[in-house]
Amino acid sequence: VWAMAQSTPVRVSFLEGGRWHPLPDWSAVGPGNETFELLAGRDGDGGIALAVLVQGGSIGVWSRASWWPVALPAGAGQVYSLAWHGSDLLIATDSGLLRLPDPGRTDAGVAAPVAGLPPGPAYAAVTHPTSGTLHIAGAGWFGELTPEGLRRQAGADSLRVIEPKFGVEAARAPLG
């Protein structure tokens, strides 16, 4: 179990053997900001990686025993949610879905746009843990990302997403 404090500096702890063990604080963002999302995944070496979304769109990743800031391209706009796809961090933003391969490295670079999606905001992404299929919800569309691009799925027009000020979440069905 991982737990995160609701304000900065970012404080994350894990429960092991009936005791909480804190990670070093991520203090790269100013104090008093809200923390919105904590996601556990795996880095490129197979180790635990944590992604944290902080008020104002700051994103940090705990990987390889350190905190790493995530760089977004200019014009990314509002950050809505995060997801792991293998060891890649997916970032749903006003400008679409961004991907940053294995962000816990000094040479990680800047998150890049995911090709093959409709223009405009991407609100949330979810990855199936076994098959690895990636589903994405955006402004008026929903579908599965395939190597050929987005395979739109029926019913997207019935997904009534009100333009969010912050945060849209997606989750896989319990049976896959």
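Colleague: Which residues does Asp 43 touch, not counting residues up to four places away in sequence?
Modeller: Bear in mind that this is a predicted model. Asp 43 touches Ile 48, Ala 49, Ser 63, Arg 64, Ser 87 and Asp 102, leaving aside residues up to four places away in sequence.

Colleague: Where does Asp 43 lie?
Modeller: In the loop between β4 (35–42) and β5 (48–54).

Colleague: Is Asp 43 buried or exposed?
Modeller: Buried, yet Asp 43 has no salt bridge. Arg 64 is the nearest side chain of opposite charge, 4.0 Å away.

Colleague: What does the side chain of Asp 43 reach at 2.9 Å?
Modeller: The backbone nitrogen of Asp 45.

Colleague: Now His 128. Where is its place?
Modeller: His 128 is in the loop between β12 and β13 (134–138).

Colleague: And why does His 128 count as buried?
Modeller: Its relative accessible area is 17%, and buried means under 20%.

Colleague: Which backbone nitrogen lies 3.1 Å from a polar atom of the His 128 side chain?
Modeller: That of Thr 130.

Colleague: Switching to aromatics. How many aromatic pairs are there?
Modeller: The count comes to four. One of them is Trp 2 with Phe 14.

Colleague: Why is the pair of Trp 2 and Phe 14 called tilted?
Modeller: The planes of the two rings are at 50°. Under 30 degrees would count as stacked and over 60 as edge-to-face, so the pair falls into the rest, tilted. The ring centres are 5.1 Å apart.

Colleague: Which strands hold Trp 2 and Phe 14?
Modeller: Trp 2 is in strand β1 (residues 2–4) and Phe 14 in strand β2 (residues 12–16). The two are twelve residues apart, and the pair links distant parts of the chain.

Colleague: What is the relative accessibility of Trp 2? And of Phe 14?
Modeller: Trp 2 is at 28%, so it counts as partly exposed. Phe 14 is partly exposed too, at 22%.

Colleague: What about Tyr 80 and Tyr 123: how are their rings arranged?
Modeller: Edge-to-face, because the planes are at 80°. The centres are 5.0 Å apart.

Colleague: Where are Tyr 80 and Tyr 123 in the chain?
Modeller: Tyr 80 is in strand β8 (residues 79–85), Tyr 123 in strand β12 (residues 122–127).

Colleague: Last one. Which residues form one aromatic cluster?
Modeller: Trp 26, Trp 62 and Trp 67.

Technical notes. Residues are numbered from 1 along each chain as its sequence is written. This is a predicted model: local features need pLDDT of at least 70, side-chain atom pairs count only at pLDDT 80 or more; totals for chains, interfaces and linings use all residues. Side-chain values use heavy atoms; hydrogens and water are left out. Rings of Phe, Tyr and Trp (its six-membered ring) pair if their centres lie within 6.5 Å; planes under 30 degrees apart count as stacked, over 60 as edge-to-face and the rest as tilted. Helices (H or I, at least four residues) and strands (E, at least two) are DSSP runs, numbered from the N terminus. Buried means under 20% relative accessible area, exposed over 50%, partly exposed in between (1.4 Å probe, protein chains only). A polar contact is a pair of N or O atoms within 3.5 Å; within protein, one must be able to donate a hydrogen and the other to accept it, and residues adjacent in sequence count only if both atoms are side-chain atoms. Lys and Arg count as positive and Asp and Glu as negative; His and the chain ends are not counted. Contact means heavy atoms within 4.5 Å.
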